[in-house]
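Thanks for coming, everyone. Please look at the screen while I talk you through this one.

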Amino acid sequence: QPGLDLSSNAGEQLAVLQIAISMAATVLDSVPFVEIENGTFKYVLIEVKDGQDNKKLIARGYNNCEYHQDVFDKATQPLDALGLSCRQRGGGRITHENKAGEIFIYGYSVAFGRADHTKTVELIKQQYPSYQVSYSNEGY
């Protein structure tokens with residue numbers, strides 16, 4: 001076609017693509033590694049992935065969830081809305097003693113199996129660097 005300048009269109013497309021990639025990374029980066037409450041509760045280790053196959057592990061635990069599936073559903077609902085995909089990577093329990101500055105990770109999920117508690121410890125230490133964080137593969 002006469003007068004059609006493909007070079008500027010390609011430049012615009014590249015800029016849009018770069019923005020889209022940047023936004024995807026930003027969305028994944030904006031997801032906190034850990035969301036846990038005070039007390040003793042079930043938790044799930046979750047792998048979150050964006051459309052570019054970038055992924056990260058997150059840990060979620062809530063007092064008001066009776067089952068590990070409830071934790072997973074509560075944690076992933078807002079992530080699904082952001083276009084992120086989520087897979088459970090096992091579960092367990094957490095005792096979080098806020099006043100004592102201690103977190104203990106243990107046990108397993110009947111439905112999801114045992115999470116790799118060492119990975120959960122790493123995530124929690126990033127968010128709670130002054131806490132004493134420990135784990136055991138024993139218990140339910």
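Start at the hairpin of β4 and β5, where four residues sit between the strands. There, G101 takes a positive phi near 70 degrees. A word on names: helices (H or I, at least four residues) and strands (E, at least two) are DSSP runs, numbered from the N terminus.

Before going on, two notes on the source. This is a predicted model, so local features need pLDDT of at least 70, side-chain atom pairs count only at pLDDT 80 or more, and totals for chains, interfaces and linings use all residues. Residues are numbered from 1 along each chain as its sequence is written, and side-chain values use heavy atoms, with hydrogens and water left out.

In which sense do β4 and β5 pair, parallel or antiparallel? They pair in the antiparallel sense, over five bridges. Two strands count as paired if DSSP finds at least two bridges between them. R93 has Y106 in β5 as its bridge partner.

Now the other side of β5. Strand β5, residues 102–106, pairs with β6 in the parallel sense, again over five bridges. E102 stands opposite Q132 in β6. I103 stands opposite V133 in β6.

Next, the sheet as a whole. It is open, has six strands and mixed pairing, and runs in the order β1-β3-β2-β4-β5-β6. β1 (34–36) and β6 (132–136) are the edge strands, each pairing on one side only. From one strand to the next, the twist averages 25 degrees.

Two helices to point out here. Helix α2, residues 68–81, packs on the sheet and touches β2 (39–49), β3 (55–61) and β4 (85–97). Its direction makes about 45 degrees with that of β2. Helix α3, residues 117–127, also packs on the sheet, touching β1, β2, β3, β4, β5 and β6. The direction of α3 makes about 170 degrees with that of β6. For those angles, axes are lines fitted to C-alpha atoms, for helices over the stretch in contact, and angles run from 0 to 180 degrees between N-to-C directions.

Stay with α3. Which of its residues are buried? They are H117, T120, V121, L123 and I124. They cover an arc of only 165 degrees around the axis, which puts them on the same side of α3. The arc is that of the directions from the helix axis to the C-beta atoms. Turned away from that buried side is a face with the exposed residues E122 and Q126. Buried means under 20% relative accessible area, exposed over 50%, and partly exposed in between (1.4 Å probe, protein chains only).

Now the interior. In soluble globular proteins, nonpolar side chains tend to be buried together. Here the largest nonpolar core has 16 residues, and I36, I94, I103, I105 and I124 have the most contacts inside it. Such a core is a set of buried Ala, Val, Leu, Ile, Met, Phe, Trp, Tyr and Cys residues joined through side-chain atoms within 4.5 Å. Another core lies apart from it, with 15 residues, among them V31, I46, I58 and F112.

I103 comes up again. Leaving aside neighbours within four places in sequence, its contacts (heavy atoms within 4.5 Å) include I36, I94, I124 and V133.

Last, the cysteines. How many disulfides does the structure hold? Zero, taking a disulfide as a pair of cysteine sulfur atoms within 2.5 Å. C65 is buried, at 11% relative accessible area. C86 counts as buried too, at 18%.
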